[in-house]
Amino acid sequence: MNSKTKGTMAGSSLFPGKLSINSRTKSTFIGWSFVITAVIMICTFYFYPMIQALILSFQSGTGTNLTFVGFNNYTRLLSDSTFITAVKNTFIYLIVQVPIMIILALFLSVLLNDRTLKWKGIYRTAIFLPAVTSLVAYSVIFKYLFSNDGLVNTMLLKFSIVPEAVNWLTDPFWAKITIIIAITWRWTGYNMIFYLSALQNVDQAIYEAAKIDGASAVQQFFKITIPMLKPIILFTSITSTIGTLQLFDEIMNITKGGPGNATTSISQYIYNLSFKYTPDFGYAATVSYFIVILIVVFSIIQFKAAGDRNG
Amino acid sequence: MKKVLMLCLSAVLFLSACSSSDSDSSTSDAGADSNKVTIWAWDPNFNIAALNMAKEIYEKENPDVEIEIIENAQADIVQKLNTGLSSGTSKGLPSIVLIEDYRAQSFLQAYPDAFYEMSGAFNKDDFAEYKIAPTSVDGKQYGLPFDSGVTGLYVRTDYLKEAGYTLDDLQGLDWQQYIEIGKKVKEATGKDMITLDPNDLGLIRLMIQTAGSWYLEEDGVTPSLAGNEALKEAFEIYKGMMDANIVKPNSDWSQFVANFNNGDIASVPTGNWITPSVKAEASQSGKWAVAPIPKLSVEGAVNASNLGGSSWYVLNGDSAEQAADFLGKTFGSNKEFYQQLVTEIGAIGTYKPAAGGEAYGKEDEFFGGQKIISDFAGWTEEITGLNYGMHTYAIEDILIVEMQNYLNGKSIDDVLSDAQAQAEAQLK
């Protein structure tokens, strides 16, 4: 490092114009090389497959016998009752689970941000810990916990909370509840961490000023905390929405989409179309693109709802 | 500073180059050497055990051939095959793979150039006739038939006796009579007659095959649900069992096995591959027997059916010929090998000449001295051959939902015509 820098510096004093261009091109070159690596990687592993999938979504057929069918796959979506059920299920998860999780995460983060709270670290770790467990591992554990003679039912029965065992996995309604409980457990801590870090950036002076003005804790929460966290709330609700639309592991491992197709998600339907049934990769790609469209639409709605300033 | 940057950059490039060359070498190891035969199969106690025996026999005569057996769950094999075959490269795929008969047509027709034609490697007339349709396309034989999914009615003779029945009363039953017996057994012993998983319609498949009917027309692609008499009767019987309150529900395989190992149910109508699981509960020795499977009452139905069963397939590649030779000389023609399969792992093949062998005629103490293997072998020959077609599991998922609607009171004709409409929409 030293000898070369010295050399350049000595040179620059002798031939100022020429060498500064040289070193500028050199640094531009280095800069671009870094960017190019990422760009090439992203293009080959992201954009190229995306375009291929788009082309694939206009084809249909079994396995490798694909033929172009124009928009047939897209019209087929509308009359496919399994697909419609999967979309409905996904929306139920979305509408019920995302708000519950966001509110819970917000609530927990405010509690844990309290300066007087002792052993904060322990609580934070405990609540964040689910987010580092493997999706499959925790799903399998939930499956056991919620099975007919599992821990949850045993406890509910022992404490006489329910008169008879709840069919957590085999009843269409309770199976959805089980999935919602599972994903809430897994992802609340993850979202809480975002709120916590944002809360730490909120100037305490604002709260002090509010207190002096006589604002109650509830008022402080709604008038200060929530507006200050708005960009983060937007971010977490978009990522949670995307995550829910792509929901797969939990359903595959806890209920396999059952009973019937009461818990099937769109992603699981894509899996079934490609791997469980006789593969129709073209139609599966169409369903995937439907998710892409949904995600884009939802993100736009959320940006608009949160106001452009924060977007 | 720049040097450091350059170093970082080259490190990044170098590392990515390394990792890509790594993945190259790991995917190309299969198929590169034509003397190495790689095989994928599932179930260590059954398929893998059979393969190991075949390997031993074959390697003795062909010491230069290396056979590698890899165990994977069936779902994983299906997924890996679909991924590998659709990418158009045989790299990373095995030379021999086990495929369930219900799925075979789906693979053979979806990837027409991927499979090696086996017509020359063995004589298909040596195998049970019903195995030929699922394993061939347009008269070309691609699969070497392996285990028989021939079904039997496994019964607890002690419970039946309490209800006043003997094994002789169970010959040539139809499903309606089966329900009646079930009710009596429940009255006399308090035990349920059967255990069912609402998410698995194996029993429906088994019932309609007794009548030579399937979810699809003979062409293997057109759904045949609405107006399918056999399917209608099977649905009615399924509901009849539920209404008669002789069904103990289960939600997965381990509960299914536990239900009969615990002695909670009086009969198990299923494929012969359940034998090892039944015998696993040694304390019930002598209490079991196997009767012919009940049939549907539609015309032409027989007291023989099939549930599951799979066959061997060779994938095109450098070692395809070697692989076909291996299969042909072991599973395809070795009578002794089949005797060994029966005695050592209880696997009943579909190779007809083997049925005359000594091991097939052996009495089984667990089943009260019944010669169950030779009974099964006899029923195997009566099974009506079917083209399972391409869409067994896609249609079954539709039927599972409609079955729940039916049990909740929807009329049978609506159930089947709705299922038909959904299937037609989905299988376009």
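In this predicted model, Val155(B) stands opposite Ser267(B) of strand E10 in chain B. At another position along the pairing, Thr151(B) has Gly271(B) of E10(B) as its bridge partner. Both contacts belong to the antiparallel pairing of strand E7 (residues 151–156) with E10(B), which extends over 5 bridges. E7(B) also pairs with E11(B), again in the antiparallel sense, this time over 4 bridges. Here Arg156(B) finds its bridge partner in Trp288(B) of E11(B).

Taken together, these strands make up an open sheet of 3 strands in chain B, ordered E10-E7-E11 and antiparallel in its pairing. Strand E10 (267–271) and strand E11 (288–291) of chain B are the edge strands; each has a single partner strand, so one side of each is left without a neighbour in the sheet. On average, neighbouring strands of this sheet are turned by 25° against each other, direction ignored. As a general point, the strands of a sheet pair through backbone hydrogen bonds, in either a parallel or an antiparallel way.

E7(B) itself is mostly covered, with 6 of its 6 residues buried. Thr151(B), Leu153(B) and Val155(B) point one way from the strand, while Gly152(B), Tyr154(B) and Arg156(B) point the other way, and all are buried.

Stepping back to the whole chain, chain B is divided into domain 1 (36–148 + 308–378) and domain 2 (151–305 + 391–426). The C-alpha centres of these two domains of chain B lie 27 Å apart. Where the domains meet, 17 residues of domain 1 of chain B are in contact with 15 residues of domain 2 of chain B. On the domain 1 side, H4 and helix H14 (372–382) of chain B each supply at least two residues, and H14(B) provides the largest share, 3 residues. This side of domain 1 of chain B divides into 7 nonpolar, 7 polar and 3 charged residues.

Notes: Residues are numbered from 1 along each chain as its sequence is written. Chains are lettered from A and ligands numbered from 1 in the order in which they are written. This is a predicted model: local features need pLDDT of at least 70, side-chain atom pairs count only at pLDDT 80 or more; totals for chains, interfaces and linings use all residues. Domain bounds come from an automatic or database domain assignment. Two residues are in contact if their C-beta atoms, placed from the backbone, lie within 7 Å. Ala, Val, Leu, Ile, Met, Phe, Trp, Tyr, Cys and Pro count as nonpolar, Asp, Glu, Lys and Arg as charged, and the others, Gly among them, as polar. Two strands pair if DSSP finds at least two bridges between them. Axes are lines fitted to C-alpha atoms, for helices over the stretch in contact, and angles run from 0 to 180 degrees between N-to-C directions. A residue is buried if 20 or more other C-beta atoms lie within 10 Å of its own, exposed if 12 or fewer, and partly exposed in between; C-beta atoms are placed from the backbone.
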